[in-house]
Amino acid sequence: MKKNINRGEIESLLRDGMTIMIGGFMANGAPEQLIDILLSSSVKNLTLVTTDTGTPSSGSGRLIAARRVRQLLASHIGTNPETGRQMVTGELEVELIPQGTLAERIRAAGAGLGGFLTPTGLGTVIAEGKPVIDVDGQMFLLEKPLRADLALIRGSVVDSKGNTFYRRTTQNFNPLMAMAAETVIVEAHELVETGAIAAENVHTPGLFIDHIYHQEA
């Protein structure tokens, strides 16, 4: 399958109401060029899965500021006042998820698991409507997998088969999201030939990458 994808081909994959995962942490490792494409399209009413909403001018927070998101699943929103404003006014439906739980729900989807048990959130609003299971006298919440229609991630170095290396903390949620969506697009900061990345440095195997987007400088 052809891995490289252009702007027009990406836009053809977008549709109103889809669920999109976007990597990055405080916009570090966020696929800003792919977010640009989302913003240049007319897609709206998105469900956005992301660890945070950055700021109104960075990372996935730009989609919030542009009012393209209907529902948000994230760990924290405090750095983006616009997210909080839309939540309070009812413009945006927000589900706040403990960060470890969010990561594990995404990982469970990628690993093909039916869910996992955690004590995090017991006795709080996090537990509302969720099964509580007794394991040897200790109570746990059952958290279910979290999948998406589309994952947009950013790789520091990507080869022509999609094998991806992330520098330093840009790894964050990117490799988890690459395993938990029907379609995965990686924005390549640097695109190299197959074999240029040492096998032990491949964080996301090309098997999980459907398309590569690389904009020449």
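**Exercise 1.** In this predicted model, is Arg15 buried, partly exposed or exposed? Then find which side chain Arg15 meets in a salt bridge.

*Solution.*
- Step 1. Arg15 has a relative accessible area of 45%. Buried means under 20% and exposed means over 50%. Arg15 is therefore partly exposed.
- Step 2. The side chain of Arg15 meets that of Asp149 in a salt bridge, 3.5 Å from N to O.
- Step 3. Arg15 sits in the loop between helix H1 and strand E1, and Asp149 in strand E8, so the pair ties together parts 134 residues apart in sequence.
- Step 4. Asp149 is partly exposed too, with a relative accessible area of 24%.

**Exercise 2.** Which residue forms a salt bridge with Arg62, and which helices hold the two partners?

*Solution.*
- Step 1. The partner of Arg62 is Glu32; their closest N and O atoms are 2.9 Å apart.
- Step 2. Arg62 belongs to helix H3 and Glu32 to helix H2, 30 residues apart.
- Step 3. Arg62 has 15% relative accessibility and counts as buried. Glu32, at 25%, counts as partly exposed.

**Exercise 3.** Where in the chain are Glu143 and Lys130, and is Glu143 buried or exposed?

*Solution.*
- Step 1. Glu143 and Lys130 form a salt bridge, with the closest N and O atoms 2.9 Å apart.
- Step 2. Glu143 is in strand E7, while Lys130 is in the loop between strands E5 and E6.
- Step 3. At 1% relative accessibility, Glu143 is buried. Lys130 is partly exposed at 23%.

Definitions and conventions:
Residues are numbered from 1 along each chain as its sequence is written. This is a predicted model: local features need pLDDT of at least 70, side-chain atom pairs count only at pLDDT 80 or more; totals for chains, interfaces and linings use all residues. Side-chain values use heavy atoms; hydrogens and water are left out. A salt bridge is a side-chain nitrogen of Lys or Arg within 4 Å of a carboxyl oxygen of Asp or Glu. Helices (H or I, at least four residues) and strands (E, at least two) are DSSP runs, numbered from the N terminus. Buried means under 20% relative accessible area, exposed over 50%, partly exposed in between (1.4 Å probe, protein chains only).
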